[in-house]
Amino acid sequence: ITVLKLVFKKAKKELLLPANYAEDISVKSKSTKEGTKHRSLTQEEINRVLNFNHPMRPYCLFLMLCGLMPEEAVPLKWKDISYLKDSDTYIVSVNKTAELSVSGPTKVRPGKTKNEFRKREIPIPFPLDSWIKSELPKHKKNELIFKNREGCIFTKSALRHRWSAYVSDMDVFYFK
């Protein structure tokens with residue numbers, strides 16, 4: 001919607017269109033709160049999310065800061081993390097996905113991503129790199145980074161339950 005508004009605004013300014021036809025378009029909020037609108041996070045809220053101490057914090061940081069999808073983050077192992085000495089940077093290699101299912105166990109598809117362009121190496125930014133640096137020496141290379149109490153890969157329902165706990169513990173209202 002934002003892109004449409006910008007395109008139509010420019011078209012109006014360039015006299016290609018008589019009006020900005022996208023000006024009154026908005027996303028309907030699922031919120032029941034009066035006057036609630038979608039907005040970006042403030043810097044204070046961003047800092048709160050980045051620094052919130054919770055067991056799901058590393059998983060959420062991988063999703064938010066590295067742009068991973070749950071299907072890409074769930075099967076990550078410690079061997080997928082590398083350290084580049086010349087740039088003093090950790091990188092994560094995304095080269096597999098998990099088939100998250102509600103009805104059955106999660107299956108890892110090694111070497112397969114959503115499409116061939118999804119295989120990539122991503123620099124791990126701050127503050128996630130600090131967590132990686134402290135945790136990497138404590139784990140075996142073939143160990144899952146994100147695992148359940150039994151050391152196994154998460155199921156879709158377990159991820160959903162943990163996400164709900166994270167959001168609830170952080171006391172955040174969001175639109176489902």
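Three strands make up an open, antiparallel sheet in the order β1-β2-β5. The model is predicted: local features need pLDDT of at least 70, side-chain atom pairs count only at pLDDT 80 or more, and totals for chains, interfaces and linings use all residues. Residues are numbered from 1 along each chain as its sequence is written, and side-chain values use heavy atoms, with hydrogens and water left out.

User: What makes β1 and β5 the edge strands?

Analyst: β1 (81-84) and β5 (120-123) each pair on one side only. Strands are DSSP runs of E with at least two residues, helices runs of H or I with at least four, numbered from the N terminus.

User: Why are β2 and β5 said to pair?

Analyst: Pairing requires that DSSP finds at least two bridges between two strands. Four bridges join β2 to β5, so the pair qualifies. V92 has I122 in β5 as its bridge partner.

User: Why is S93 called buried?

Analyst: Buried means under 20% relative accessible area, exposed over 50%, and partly exposed in between (1.4 Å probe, protein chains only). S93 has 14%, so it is buried. This residue is found in strand β2 (residues 89-94).

User: What makes S93 and E121 a polar contact?

Analyst: Their side chains are joined at 3.3 Å. A polar contact is a pair of N or O atoms within 3.5 Å; within protein, one must be able to donate a hydrogen and the other to accept it, and residues adjacent in sequence count only if both atoms are side-chain atoms. The distance of 3.3 Å is therefore within the cut-off.

User: Why does K96 with D80 count as a salt bridge?

Analyst: A salt bridge is a side-chain nitrogen of Lys or Arg within 4 Å of a carboxyl oxygen of Asp or Glu. The side chains of K96 and D80 meet at 2.6 Å, N to O, so the pair meets the definition. K96 lies in strand β3 (residues 96-99) and D80 in the loop between α4 (70-73) and β1, so the bridge ties together parts 16 residues apart in sequence.

User: Are K96 and D80 buried or exposed?

Analyst: K96 is buried at 9% relative accessibility, and D80 is buried at 5%.

User: How many salt bridges does a search of the whole structure find?

Analyst: Four. Among them is E135 with K138, whose closest N and O atoms are 3.2 Å apart. E135 is buried at 17%, whereas K138 is exposed at 58%. K147 and E143 meet at 2.0 Å, N to O.
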